[in-house]
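Here are my notes on the model, point by point. Have the coordinates open while you go through them.

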Amino acid sequence: MLNIAICDDNSTDLSKLVDLVKKIDSIKFQIYMYLNPEECLKDINSGIRFDVFLLDILMNESNGIDIAREIRKTHIDTPIFFITATYEFALQGYEVRAMRYYLKPIEENKFSDDLINVLKQAEVKKNSFITISNTQGLFKIETNDIYYIESMLRTIQIHTKTETYSMVGKISDLEERLKNNNIIRVHKSFLVNLAYVKNIFKDTITLDNGDEVLLSKHRSKDVHYQLLNYVRENS
């Protein structure tokens, strides 16, 4: 089941937004309502993973942009929708990679269509995983959690959000298994998840977690193209 966090310090606006989201009946999700966004951050720190955030920008105690900055520390690529009475903070939203802005009162049809699309994408990601085996046993790894995969001769290391898994195998086999999950070959020894690419400079790709991987010269053009295409489709 998907988790939706809704933060608005105005109880009336919060209730209206919750009612609007509840009209979506084609997807299973749980709504977490917060009049105080600090409570949302507490839940995140307790281990709850959210699939989309709906944040009011102008709140009495907190600024939605600041809350989004905190959210990005743990939810690097989770969609954030800002609900606002003004576009005053729109430029700051780029800093936290906000997906959409909606002016109050919300245009219901547009909002619902956008949210349904995002939730469908989240469902696909949540249901996508690979299984690997090594000397420690059998592991199920969500593909959305994979940052990159590194090959060192016959040893494969899968670097995820929480830990690194080792296995014996061929990187070409994993490339084939993961080709529909935005994980692409960037070097003979590396596969990278496009969702976590922060920067490409010359022969180096920097990821959101600060790790760096090599980019082959002959793959550079195609990797740039696939990254731009990924950004267009997810913005």
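1. Start with Lys-202, which is exposed because its relative accessible area is 66% (exposed means over 50%, buried under 20%, partly exposed in between, using a 1.4 Å probe and protein chains only). Lys-202 sits in the loop between β13 (197-201) and β14 (204-207); helices here are DSSP runs of H or I with at least four residues, strands are runs of E with at least two, and both are numbered from the N terminus. Its phi is near 55 degrees, a positive value in a residue other than glycine. Most residues other than glycine have a negative phi, and most peptide bonds are trans.

2. Before going on, some ground rules. This is a predicted model, with local features needing pLDDT of at least 70 and side-chain atom pairs counting only at pLDDT 80 or more, while totals for chains, interfaces and linings use all residues. Residues are numbered from 1 along each chain as its sequence is written, and side-chain values use heavy atoms, with hydrogens and water left out.

3. Leu-153 is another one to look at: it is not a glycine, yet its phi is positive, about 60 degrees. You'll find Leu-153 in the loop between β8 (146-152) and β9 (155-160). With a relative accessible area of 82%, Leu-153 is exposed.

4. Next, a cis peptide bond: Lys-104 and Pro-105 are joined by one, with omega about -5 degrees. Pro-105 belongs to the loop between β5 and α5.

5. Lys-104 also takes part in a salt bridge with Asp-8, 3.1 Å from N to O (the rule is a side-chain nitrogen of Lys or Arg within 4 Å of a carboxyl oxygen of Asp or Glu). The two residues are 96 apart and link distant parts of the chain, with Asp-8 in the loop between β1 and α1 (11-22) and Lys-104 in the loop between β5 and α5 (108-126). Asp-8 is buried at 2% relative accessible area, whereas Lys-104 is partly exposed at 29%. Asp-8, Asp-13, Asp-56 and Lys-104 are linked in a network of salt bridges.

6. How many salt bridges does the rule give? The count comes to 12. Among them is Asp-114 with Lys-110, whose closest N and O atoms are 3.3 Å apart. These two are four residues apart in helix α5, so about one helical turn separates them. Asp-114 is buried, at 7% relative accessible area, while Lys-110 is partly exposed at 43%. Glu-70 and Lys-73 form another salt bridge, with 3.1 Å between the closest N and O atoms. Here Glu-70 is partly exposed, at 37%, and Lys-73 is exposed, at 61% relative accessibility.

7. On to the sheet. Five strands make an open sheet with parallel pairing, in the order β2-β1-β3-β4-β5 (two strands pair if DSSP finds at least two bridges between them). β2 (29-34) and β5 (100-103) are the edge strands, each pairing on one side only. On average, neighbouring strands are turned by 15 degrees against each other, direction ignored; axes are lines fitted to C-alpha atoms, for helices over the stretch in contact, and angles run from 0 to 180 degrees between N-to-C directions. Four bridges join β4 to β5, and Ile-83 stands opposite Tyr-102 in β5.

8. Helix α2 (residues 37-45) packs on this sheet, touching β1 (2-7), β2 and β3 (52-56), and its direction makes about 130 degrees with that of β2 (contact means heavy atoms within 4.5 Å). Which residues of α2 are buried? They are Pro-37, Cys-40, Leu-41 and Ile-44. The face turned away from the buried side carries exposed Lys-42 and Asn-45. Just after α2, Gly-47 has a positive phi of about 115 degrees.

9. Finally, Thr-78, in the loop between α3 (64-71) and β4 (80-84). Is Thr-78 buried or exposed? At 7% relative accessibility, Thr-78 counts as buried. Leaving out residues up to four places away in sequence, Thr-78 touches Phe-50, Asp-51, Val-52, Phe-53 and Arg-72.
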